[in-house]
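Let's take a friendly walk through a protein model. Have the sequence and the 3D view ready, and look for each part as it comes up.

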Amino acid sequence: MDKVSPDCPYPGCFFCVMKEGNPSKRRASILKFFRELPSQDDDGQVLPISGLWNTAMAHPNDPEFIELGIFECMAALIWKGLKNRRWLSHDQNIYIPYYAAHIIGSYTMNMEEFAESAVHAGVISPLVELLRGRLTWVEQRVAVRALGHLATYTNTFPAVASHGEILELSIQLAISSLEIVYTHFYQYADRRLRYHCDLLTRGMGGVEMESRKAEEWASQLQCWSLQLINCFAFKPEFIPTICKPEFLVKLPGMWGGLVNENSPAGIGLLRTICHHKLGRGPVASCPGIIEALCNIARSSDDWQCMAIDCLLWLIQDPSTCHKVIDKAVPALVDLAEITNLGDHKRLGDTIVNVLQECLQSQGTGRNTISNHAKELIEELLNSKQRLKWEKKMPKEDLHIKQAAALVVKLEGNSLFSSGNIAGAASKYSEALSLCPMRSKKERVVLYSNRAQCYLLLQQPMAAISDATRAVCLHNPLNRHAKSLWRRAQAYDMLGLAKESLLDAILFINECSQTNDPDLSLRQNKVPDYAERLVKKQMRAAWLFREAAIKHGGVHGEGDAGDIYGQESDGSEWETASESDMGNDGRVEMVDDDDDDSEWNNEDGRKDKYDKTTLKGAILYF
C-alpha cells in the first residue's frame, strides 16, 4: 500500500488519498474527505477542488465520486461561500464556489442517474442562489449550465421546475447577460477581478486574451440560459411565461456568435415555442420576428432548418397563417428547390405542399393571401408542373430549349458588359423561362447573374432572393461561392450585419476549396474586398456592440473592443456595390462560361468539403 508522503503538509490530503493502493481504504478515505471538507477552514482547499474539477471534466461518466458523496460536498461548499464571506475571501477560497458548480454540471451533463443523485443531494437550492447573482456573473455561468443539465432529464426536471423563480431568472439573464459581462468585466481592464482573469485564461494570457475569453463566456452565459429556458418551453404550462413580447422580440438576435457557433441559441428556443399551438400566436404577433425568421431560413448556417420549421408551422396553423403568410411566402418560395437539409428529407417538396394547401384554403376563415404572395405560389406550382411536362419531352427538344437559353444568356452577358444592367437582368429572366428545369447547374448561373444585376440596380431584396435560389439549386447545397458573396453584399446594403458576415465567411471558405481560378485563394490570401467586408461586419455584429453603445463604448487598453467595437483606422467602409470590386478595380463580372452546363461533361470534382467552423474561418485574418 502506498503511504502518505511525509513531505505533504496537509493531513488527509486528497492527492495523497488518491494514491492509496488498497481500494477499500481508498474509498473510505475519499468518503471521509468529502464529508469533512466543507467544515474545514485549512488553507489550500482550492487545490483538491481544482483537481476534482479536472477529473470531472475528463471523466464525467465515472460513478466513483458520485457514490461517495461529491454532490453533497459541492453543495455544502457553495452554501459556505454564500453564507461565510470571511471564509470566501480567505486564501484562494473565492475560486471554490465556481469549481463546485462546474463539477456538478460536468457530472450531470450525460448521465440521468447522476442527475438524480445530484437532486437528492440538494444541489438545486445553492445553484439557484448563484443564478440570482449572489456572487458574480462567473458563478452565474456555471450555475445556469448545471441547472440546464438537470432540467434536461425527465426525472429531474420537476425538481428544477419546483423552484418557480428559475425560469424568470433565466429569462432575465438571457436578456441582460451580455451587458452584465461587458459592464462588470470587459469595459474596464484595470477593474477586473483577479480570480475572474485567472479562471478565464488559466493564467496563460494577458488583457487581450482575457477580453476574447470574456466574449466567449458571455455568449455561453446567454446560450446556456436559453438552453435552460428551452427545457421549460417543452411544457405548455410555461409557454405564457416565456412568450412575453419584450423577450420574444429579442430572441432572433440572440446567437452564439463566432465564438459559440454550435449553439442554436434564440432560434432553437423559437422552434420549440412554435411547435406549440399556444406559442405560435405570440410569435406571429410579435413585430419583427417573422422577418428575422425569413432571414435565418435563407441563411446557410446550421440553424436554417429550424427557421424553416417555424415558418411552416406558423403557415399551417389557421390561427396564425393570415398574420405571417405575406412575409413568409417569398422566403419559402426561394427555398423550394432544397432537396435534403440535415434530417429533413425532400424539404423542398414539403414547402411546395404546404404552400399549395395554403393557396387552396385561401378565402376560408381568415386565410387571405395578398396578390403578390398568391402570384409567387402560383409561379412555384407552375414550375413544378413544367418539370413534369419536361420529363415527357424528347431529349432533342430539351437540347433545343437549352441552346435557346444559352443564346439569351450570352445576350444578357453582352448587355451587362456594355453597362445595360437592367437589360441584362431582363435577358437572364428570359433565359430562365427557356432553360429546362432539370438543368440545375445552368439555372444556378442564371439566378446568380441576375442577382448581380439586382445588386447594381440597388435592389437588395431581389438580389437576396435570386442568390438564395442559386445556393439552394447548387450541389452541394449552400456552396455556390459567387451567390454567397452576392447575397453577403445585398445583406450589407440592408444593414443586416450578421447575415452578411456569415455569407462572407462561407464565401471565403468555399474559395479556399474551389478549382475556379477566379475564386481560388492564391497562397491562402483572402481577397481584399472580402476581408474588408468581414471586418466591417464583425464590428457591426460584435456581441458587445449594443452594450458598448449604451455605456459609452469605453474599452480597456488592448482589449478585443479595439478590434470589434470601434474603427481602428478611421477609414470609410465601402458600399455594397463598391465592395464588389476585385483587386484590379473592375466590377465583378457575371458568369459567361458554360462550364456549369448540365449538358456538358461533369468536371468530376468530388465533394471533399469538411464543414469548416466559423471560428476556423476567422483564423484567415
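This is a predicted model: local features need pLDDT of at least 70, side-chain atom pairs count only at pLDDT 80 or more; totals for chains, interfaces and linings use all residues.

## The chain as a whole

The protein chain contains 33 helices and zero strands. Of its 621 residues, 53% are buried. Among contacts between residues at least 6 apart in sequence, 72% link residues at least 24 apart.

## The second largest pocket

The second largest pocket has a volume of about 1,200 Å³. It is lined by 45 residues, and those closest to its centre are E337, L380, S383, K384 and M437. Which helix gives the largest share of the lining? That is α23, with 13 residues. Helices that each supply at least two lining residues include α21 (318–334), α23 (371–392) and α26 (440–456). Sorted by class, the lining has 16 nonpolar, twelve polar and 17 charged residues.

## Two helix pairs

Now look at how helices lie against one another. Helix α24 (residues 395–417) packs with α25 at an angle of about 170 degrees, and their axes are 8 Å apart. An angle over 145 degrees counts as roughly antiparallel, and α24 and α25 are therefore roughly antiparallel to each other. On the α24 side, the residues that meet α25 include A404, V408, L415 and F416, while the α25 side includes I421, Y428, A431 and L434. This contact has ten nonpolar, three polar and five charged residues.

A404, in helix α24, has a relative accessibility of 29% and so counts as partly exposed.

Why is α17 described as largely enclosed by the rest of the structure? Nine of its eleven residues are buried, so the rest of the structure largely encloses it. Among the buried residues of α17 are I267, L270, I273 and C274. Their cover includes α14, α15 (239–242), α16 (245–248), α18 (277–285), α19 (289–298) and α20 (304–316).

C223 counts as buried, at 3% relative accessibility, and W217 counts as buried at 5%. Leaving aside neighbours within four places in sequence, C223 is in contact with W255, G256, N260, S263 and A265. With neighbours left aside in the same way, W217 is in contact with Y98, W137, V138, R141, L199 and L200.

The table lists C-alpha separations for some residue pairs.

| Pair | Apart along the chain | C-alpha separation |
|---|---|---|
| C223 and W255 | 32 residues | 7.5 Å |
| W217 and L178 | 39 residues | 9.4 Å |

## Some backbone details

Most residues other than glycine have a negative phi, and most peptide bonds are trans.

A265 is not a glycine, yet it has a positive phi of about 50 degrees. A265 lies in helix α17 and counts as buried, at 6% relative accessibility. R346 is not a glycine either, and it has a positive phi of about 50 degrees. Where is R346 found? It is in the loop between α21 and α22. Is R346 buried or exposed? R346 is exposed, with a relative accessible area of 56%.

Finally, the peptide bond from N475 to P476 is cis, with omega near 5 degrees. P476 has its place in the loop between α27 and α28 (481–493).

Definitions and conventions
Residues are numbered from 1 along each chain as its sequence is written. Side-chain values use heavy atoms; hydrogens and water are left out. On a 1 Å grid over the protein atoms alone, a cavity is a set of points where a 1.4 Å probe fits but cannot get out, and a pocket is an open set with protein on both sides within 12 Å along at least five of seven lines; lining residues have an atom within 4 Å of a point. Grid points are joined across faces, edges and corners, and a volume is the space filled by probe spheres set on the points. Helices (H or I, at least four residues) and strands (E, at least two) are DSSP runs, numbered from the N terminus. Ala, Val, Leu, Ile, Met, Phe, Trp, Tyr, Cys and Pro count as nonpolar, Asp, Glu, Lys and Arg as charged, and the others, Gly among them, as polar. Axes are lines fitted to C-alpha atoms, for helices over the stretch in contact, and angles run from 0 to 180 degrees between N-to-C directions. Angles under 35 degrees count as roughly parallel, over 145 as roughly antiparallel, 65 to 115 as roughly perpendicular and the rest as oblique. Contact means heavy atoms within 4.5 Å. Buried means under 20% relative accessible area, exposed over 50%, partly exposed in between (1.4 Å probe, protein chains only).
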